[in-house]
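Dear colleague,

Please find below the structure that I am handing over to you.

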Amino acid sequence: MATKAGARSPLSLVLAMALCVFFYLLGAWQRGGYGKGDSIAAAVTRATACGNNAGLSFDTHHGGNASSSSSDAAAPPTFFFPACPASMADHTPCHDQDRAMKFPRKNMVYRERHCPDPAAGDHPPPLCLVPAPAGYVTPFPWPRSRDVVPFANAPYKSLTVEKAVQNWVRHEGPLLRFPGGGTQFPQGADKYIDQLGSVIPFAGGHVRTVLDTGCGVASLGAYLDTRGVLTMSFAPRDSHEAQVQFALERGVPAFIGVLGSVKLPFPARAFDMAHCSRCLIPWAGNGGMYMMEVDRVLRPGGYWVLSGPPVNWKTNHRAWERTEADLAAEQNRIEEFAAVLCWEKVTEINEIAVWRKRTDPAGCPDRPPVRNCDDANPDDVWYKNMETCITPSVTGAGELQPFPARLTAVPPRVSSGAVPGLTAEAYEEENRRWEHHVAAYRKVNRRLAEDRYRNVMDMNAGVGGFAAAVFSPRSWVMNVVPTAAELATLGVVYERGLIGMYHDWCEAFSTYPRTYDLIHANGIFTLYKDRCKMEDILLEMDRILRPEGTVILRDDVDVLLKVQTVAKGMRWKTLMANHQDSPHIREKVLFAVKRYWTVGDEGSEDEKKSSSSEGKGSEE
C-alpha cells in the first residue's frame with residue numbers, strides 16, 4: 001500500500017507534481033478534433049497518472065480482526081442496491097432448494113439448474129447485494145487453504161459429523177480442517193493418488209485435466225493440484241451441506257452440478273481423466289447414458305476411474321448391504337457398456353477399477369453395435385438432453401503435447417481448422433495481444449504478479465489468452481465461454497491444459513456466493529447488451545465475488561461509463577484506465593474492488609451511499 005503523504009520526502013512530492021503537470025500537458029496537446037471521446041481520454045490520463053494517493057487498494061484488510069474502512073470520497077450514486085436479507089447469505093439462484101422440489105426426481109432432474117422464471121410464476125431475481133455472513137474473513141492463501149478454512153466463511157457442521165470417520169472435514173473452533181480423506185480414501189488422498197499413479201501417468205504432464213464427478217469436498221482435486229494436475233470437480237447442492245462451497249473456500253475448482261438429464265457444460269474430448277469415488281451415479285442404468293456422456297468429454301487415450309460399488313463386490317457386498325446377485329449384475333452391465341464404448345480395462349485394484357478409452361475405435365471391431373449421436377456439433381451442449389448414443393471420434397486432429405508445453409503450443413483444434421476462421425497465426429496473435437494487455441494490468445495492479453488471487457474467473461475467455469498470460473501454479477482460472485459467443489472455443493481452452501465451462505450470463509452461475517478472488521471480463525456487456533440487463537450481470541458478479549475481491553472489465557468507453565455508474569450503487573470502488581497503446585482508443589479498462597461488509601456490519605450510511613468517483617488511482 002502507498003505510504004501516507006506526511007511520510008513522503010520533499011523530492012518525491014516534487015517529482016509527483018512534475019509528472020502530473022507533464023501528463024496534463026500531454027493530454028492537452030493530444031486533444032483536438034476528437035470530441036467527447038477525447039475529453040474522456042484526457043480525464044482518464046490525468047486520473048491514472050496522478051492517482052497514487054487516491055484510494056483503490058488491491059490488498060485484503062480483513063484476515064481476522066481488522067475493521068472496515070474506506071479512504072475514497074463520497075459521491076451520491078445514481079443506482080443504490082440494498083443488502084439482501086441475512087437469510088440469503090448463501091443464495092444460489094439456479095439451485096434453490098425449495099424450487100428444486102417442484103421438479104421430477106427421475107434422473108436427478110430436481111438437482112439440475114432451474115433458474116427463476118417470472119413467466120412461470122417465479123419471483124424475479126432480487127435487486128440486492130448478497131451479504132457475507134457475520135465474521136467473514138479473507139480465506140487463507142494457497143496452499144494453506146487446502147487444509148484450513150475459516151469456519152465463519154462457511155459455518156456448517158453436518159459433514160463434520162456425518163463424514164467424521166472418513167476424514168472429510170473437522171470442526172476445530174474457528175476453523176474447518178480438511179485432513180484429505182474421502183469415502184473411498186479415509187487414509188488420505190495422497191495415498192489414493194499414489195495407487196492410481198501406478199497405472200495412470202500423472203507425472204510428466206500427460207494427464208493434465210481431470211473431471212471429478214460427485215466430488216464431496218474435492219480433496220482429490222486439492223491433492224492432484226500439488227502434482228500439476230488441474231481438476232474440475234462438481235457435486236449437487238443436496239443433503240451433503242455446502243460440499244462445493246467448502247471446495248471453493250479451499251481454493252479448488254468446483255461448481256454445483258449433477259449428472260442428470262442434460263449434458264455437462266463441457267466440449268467433447270476435454271478431459272484426460274474422469275473419476276468417480278462412490279459418487280452414487282447409476283452408471284449401469286439408462287442404457288449406459290451416463291458412461292456415454294463421460295465418453296463424450298473424455299479424450300482418446302483418457303482414463304475413467306470407478307472407485308467403490310460395485311467394484312470388488314465379492315469382498316464388500318455385506319458391508320454395502322446389497323446382494324451378490326445385484327452387485328454382480330451391475331458390474332456386468334458396466335463392463336458391457338465399457339466394451340460398447342471401446343474402453344479397455346487397465347486394472348482392478350481392490351475397490352478401484354480403471355478403464356482407458358482407445359485412441360482408435362478400429363481397435364475393437366467386435367464391439368456391439370450402437371447408435372452414433374446425430375449432433376453436428378458435439379460441443380453444443382447448453383440445456384441439451386443427454387442421449388444413449390456415442391459421440392463419433394475425430395480423426396487427424398493431432399496429439400496434445402505434455403503440460404506445460406501444451407499451454408503455449410498451437411492446439412490441434414486450431415491446427416486442424418476445426419474452429420472456423422481461427423488460424424494458427426490468428427491464435428498466436430491473440431495470445432500476444434493478451435500478454436500485452438496483462439502487462440498493462442500489472443502496472444495498475446501489481447498484485448496480479450503475486451499470490452493475491454487464487455480463484456480467478458474469465459467471463460469471456462475466448463481461446464484462454466488471459467488465463468495463459470496470468471498462469472501460475474498457485475492460481476487457477478475458470479474460463480467461461482458464453483453461449484452467446486460467436487465461436488465455441490472452449491475445446492481450444494482445454495487443449496491448452498486449462499479448464500472452464502459454457503454459460504449464459506443472462507442467468508446465475510452454478511456456484512455459491514463469494515467464491516472468486518478476481519473476475520475478468522472482456523467485452524461482456526457489449527456481447528449481452530441486447531440480451532439482458534447490465535445491472536443483472538453486475539449483481540451476479542457481485543454475488544460470486546469475495547469481499548475485497550477485484551474486477552477487471554475491458555469494453556467500449558461508453559459501456560464502461562454506464563457500468564461505473566451502476567457499480568457506484570454496489571459498494572465497489574473503481575478506477576478507469578486508458579488502453580495501454582493510446583488514450584484515443586475507445587476500448588478502456590475499468591478496475592474495481594468490492595468493499596468489505598457483512599451481515600450486521602454493513603457500513604455507515606455515508607459508506608452505503610458512497611463509491612469511487614471517476615478517475616481514482618491505485619493504492620498499492
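A residue is called buried when its relative accessible area is under 20%, exposed when it is over 50%, and partly exposed in between, using a 1.4 Å probe and protein chains only. Helices (H or I, at least four residues) and strands (E, at least two) are DSSP runs, numbered from the N terminus.

This is a predicted model, in which local features need pLDDT of at least 70 and side-chain atom pairs count only at pLDDT 80 or more, while totals for chains, interfaces and linings use all residues. Residues are numbered from 1 along each chain as its sequence is written, and side-chain values use heavy atoms, with hydrogens and water left out.

Confidence

The predictor's confidence in each residue is given as pLDDT, from 0 to 100. The protein chain averages a pLDDT of 86, and 84% of the residues score at least 70. The pLDDT is below 50 over residues 1-8, a stretch with 13 contacts (heavy atoms within 4.5 Å) beyond near neighbours in sequence. It is also below 50 over residues 21-46, where the model has 24 contacts beyond near neighbours in sequence.

Helix H18

The buried residues include Val557, Leu560, Val563 and Ala567. At the N-terminal end, H18 is capped by Asp556, which has a side-chain oxygen 3.0 Å from the backbone nitrogen of Asp558.

The sheet

An open sheet with mixed pairing is formed by 7 strands in the order S14-S13-S12-S15-S16-S18-S17; two strands pair if DSSP finds at least two bridges between them. Strand S14 (499-503) and strand S17 (572-577) are at the edges, and each has a single partner strand, so one side of each lacks a neighbour in the sheet. On average, neighbouring strands of this sheet are turned by 20 degrees against each other, direction ignored.

Within the sheet, strand S15 (residues 516-522) runs parallel to strand S16 (residues 545-556), and 6 bridges join them. Ala521 has Leu553 in S16 as its bridge partner. Helix H17 (residues 534-544) lies across strands S12, S15, S16, S17 and S18, running at about 145 degrees to S16. Such angles run from 0 to 180 degrees between N-to-C directions, with axes fitted to C-alpha atoms, for helices over the stretch in contact.

Salt bridges

Side chains of opposite charge can pair when their charged atoms come close. With a salt bridge defined as a side-chain nitrogen of Lys or Arg within 4 Å of a carboxyl oxygen of Asp or Glu, a search of the whole structure finds 31.

One of them joins Arg454 to Asp225, with the closest N and O atoms 3.3 Å apart. Arg454 lies in the loop between helix H13 (424-444) and S12, and Asp225 in helix H6 (residues 219-225), so that distant parts of the chain, 229 residues apart, are linked. Both Arg454 and Asp225 are buried.Arg413 also forms a salt bridge, with Asp379, at 3.2 Å between the closest N and O atoms. Arg413 lies in helix H12 (residues 412-415) and Asp379 in the loop between strand S11 (352-357) and helix H11 (405-408), so the pair ties together parts 34 residues apart in sequence. Arg413 is buried, with a relative accessible area of 6%, and Asp379 counts as buried at 10%.

The side chains of Asp374 and Arg371 meet in a salt bridge of 3.3 Å, N to O. Asp374 counts as exposed at 64% relative accessibility, whereas Arg371 is partly exposed at 36%.

Yours sincerely

Terms used: Polar contact = N/O pair within 3.5 Å; in protein donor to acceptor, adjacent residues only side chain to side chain.
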